[in-house]
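Visitor: I would like a short tour of this model, with the backbone and the ligand in turn.

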Amino acid sequence: MGRPMALNLARAGVPLVVWNRTPARCEPLRAAGASVAADPAEVFDRCRTVLLMLADGAAIDAVLGRGTPGFAARVAGRVIVHMGTTSPEYSRELAADIRAAGGGYAEAPVSGSRVPAEQGRLVAMLAGDEGAVAAVRPLLAPMCHEVFVCGAVPEALLTKLAVNIFLITTVTGLVEAFHFAERHGLDLDRFLAVVDAGPMASGVSRMKAPKLKDHDFAVQAGVWDVLKNNELIASAARRAAVASPLLDVCHALFAQTARLGHGGEDMVAVLRAVEARTRAEGEARGEPRDEPRDPAPTGARGEEPAESRAATGTVAS
Ligand SMILES: NC(=O)c1ccc[n+]([C@@H]2O[C@H](COP(=O)([O-])OP(=O)(O)OC[C@H]3O[C@@H](n4cnc5c(N)ncnc54)[C@H](OP(=O)(O)O)[C@@H]3O)[C@@H](O)[C@H]2O)c1
């Protein structure tokens with residue numbers, strides 16, 4: 001996500017210093033006119049606003065030097081913007097630490113995957129100190145087609161998790177409908193045309209339906225990331241004693257997809273878990289095993305294909 005987001009900033013003429021843990025991933029940004037820092041410290045030295053698009057809280061803590069004497073020097077007098085997806089509690093605690101050290105903080109998680117990131121059509125949810133929000137808002141414009149100001153931290157992350165319940169259950173529903181149609185021998189082109197013509201058609205169905213039909217599981221939004229989001233939502237729901245029955249079923253299906261070896265594939269690979277359950281139903285009835293159409297799993301954890309990884313973990317202007 002970080003690379004296309006930073007490329008859109010560079011193309012919009014935003015003065016940009018970038019850093020990524022894997023230096024080669026900064027090269028397309030250098031070619032687009034960004035200055036490449038040797039390490040995170042250089043980014044903080046040269047920038048007043050630092051956008052972080054990193055995998056998780058551990059990565060953010062490592063880049064900020066959180067828990068070390070260097071942390072305060074990095075964040076004091078700067079605005080730090082956390083754009084990835086973590087637990088709301090993590091963001092709330094990070095906000096408190098940054099404020100205590102004399103920095104400004106905003107969280108700006110985004111809705112949308114690789115393609116909307118490339119097109120500058122992400123939807124950002126922005127929360128934080130008034131000054132930080134005002135400073136960050138114009139910087140989000142080249143990356144996003146809409147920015148929603150959500151109030152105090154962690155309201156933006158909670159909004160993002162709520163939106164993801166709808167996304168995860170929608171995609172899983174489309175996959176189950178596709179499996180039902182396929183196993184009944186329906187004409188899949190016609191089935192998908194009916195979906196596309198009806199009231200359930202959406203940007204998500206239009207992006208995912210062709211992938212299902214072609215069994216194209218190249219990553220737009222990966223199973224591991226969906227599983228992470230599922231876990232964040234389930235934990236936020238349990239904390240607040242909120243029921244999430246549909247999400248909980250999806251959680252089990254995505255965990256099964258990962259266990260089957262498809263963690264590095266696109267989220268439509270949840271089809272594999274649905275197929276496994278059909279096989280289990282058949283076996284329970286004593287029917288012969290029904291092998292999946294293309295059984296070779298790819299992408300066990302840590303083996304994601306290189307092209308599915310974002311290039312830029314930290315961007316700054
Ligand atoms: N993919 C999506 O569709 C999507 C959509 C919305 C939000 N998000 C969220 O946005 C964030 C980034 O997602 P992504 O898909 O871009 O993930 P990603 O491709 O795995 O990229 C993660 C970035 O974090 C860096 N990183 C990981 N551990 C690090 C560490 N210890 N120190 C320094 N850098 C570290 C990686 O560096 P290397 O390049 O060196 O590995 C990479 O730049 C995640 O929180 C994700 O949940 C993703």
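**Backbone and ligand**

Guide: Pro154 sits in the loop between β8 (144-151) and α9 (155-183); helices (H or I, at least four residues) and strands (E, at least two) are DSSP runs, numbered from the N terminus. This is a predicted model, where local features need pLDDT of at least 70, side-chain atom pairs count only at pLDDT 80 or more, and totals for chains, interfaces and linings use all residues. Residues are numbered from 1 along each chain as its sequence is written, and side-chain values use heavy atoms, with hydrogens and water left out.

Visitor: Is the peptide bond from Val153 to Pro154 cis or trans?

Guide: Most peptide bonds are trans. From Val153 to Pro154, omega is near 5°, and the bond is cis.

Visitor: Is His215 buried or exposed?

Guide: His215 belongs to the loop between α11 (203-213) and α12 (223-239). Its phi is positive, near 50°, though His215 is not a glycine. Buried means under 20% relative accessible area, exposed over 50%, partly exposed in between (1.4 Å probe, protein chains only). His215 has 10% relative accessibility, so the residue counts as buried.

Visitor: How far from an oxygen atom of the ligand does a polar side-chain atom of Arg25 lie?

Guide: Arg25 is among the closest of the 25 residues that surround the ligand, each having a heavy atom within 4 Å of it. A polar contact is a pair of N or O atoms within 3.5 Å. For the polar side-chain atom of Arg25 and the ligand oxygen, the distance is 2.6 Å.

Note on methods:
A polar contact is a pair of N or O atoms within 3.5 Å; within protein, one must be able to donate a hydrogen and the other to accept it, and residues adjacent in sequence count only if both atoms are side-chain atoms.
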